[in-house]
Amino acid sequence: MGFNKLIKGLKKVLSNKGSSNVASRERLDSLLDKLEKKEKKLKQKLDKEKIPKKRKELKLQLKIVTAQRKKGVAYRRKL
């Protein structure tokens, strides 16, 4: 699953107030798992990467994924 698709899914879950809490929690949990896996992959890539320009891009992606996951975790605790 691509980065943009993960973000869209997370936004959809976070903005969806009409659905049941159980279904919303399950979808949110699966998205958070995928974001966590993505975060780990990005950290591994960052550790291996030598080219400064690519490292900078990976750091930015990692920062975005980390922020989105933190938002999702905070929202999950509210449910």
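Biologist: Where is Gln68 found?
Modeller: This is a predicted model. In it, Gln68 sits in helix α3, which covers residues 52-78.

Biologist: Is Gln68 buried or exposed?
Modeller: Gln68 counts as buried because its relative accessibility is 15%, and the cut-off for buried is under 20%.

Biologist: What is Gln68 in contact with, leaving aside neighbours within four places in sequence?
Modeller: Ile7, Leu10 and Leu35.

Biologist: Take Leu10 then. Which helix does Leu10 lie in, and is Leu10 buried or exposed?
Modeller: Leu10 lies in helix α1. Leu10 is buried, at a relative accessible area of 0%.

Biologist: And what does Leu10 contact, with neighbours within four places left out?
Modeller: Leu28, Leu31, Leu35, Gln68 and Gly72.

Biologist: What about Leu35, on the same terms?
Modeller: Leu35 is in contact with Leu6, Leu10, Val65, Gln68 and Arg69, leaving aside neighbours within four places in sequence.

Biologist: Which residues make up the largest nonpolar core?
Modeller: That core has eleven residues: Leu6, Leu10, Leu28, Leu31, Leu32, Leu35, Leu42, Leu46, Leu58, Leu62 and Val65. The elements giving two or more residues to this core are α1 (3-15), α2 (21-48) and α3. The largest share, six residues, is from α2.

Biologist: What does Glu39 touch, not counting residues up to four places away in sequence?
Modeller: Glu39 touches Leu62, Val65, Thr66 and Arg69. Of these, Leu62 and Val65 are among the buried residues of α3.

Biologist: How far does α3 reach from its first C-alpha to its last?
Modeller: The 27 residues of α3 reach 39 Å, close to the 39 Å expected at 1.5 Å a residue.

Biologist: Change of topic. What is the mean pLDDT of the protein?
Modeller: The mean is 86, and 89% of the residues reach 70 or more.

Biologist: Where is confidence lowest, and where highest?
Modeller: Confidence is lowest in α1, with a mean of 76, and highest in α3, at 92. Where pLDDT is low, predicted coordinates should not be read in detail.

Key
Residues numbered from 1 in each chain as written. Predicted model: local features only at pLDDT ≥ 70, side-chain atom pairs only at ≥ 80, totals over all residues. Heavy atoms only, no water. Helix = DSSP H or I, 4+ residues; strand = E, 2+ residues; numbered from the N terminus. Buried < 20%, exposed > 50% of the residue type's maximum accessible area, 1.4 Å probe, protein only. Contact = heavy atoms within 4.5 Å. Core = buried A, V, L, I, M, F, W, Y, C linked by side-chain atoms within 4.5 Å. Expected span 1.5 Å × (residues − 1). pLDDT = per-residue confidence, 0-100.
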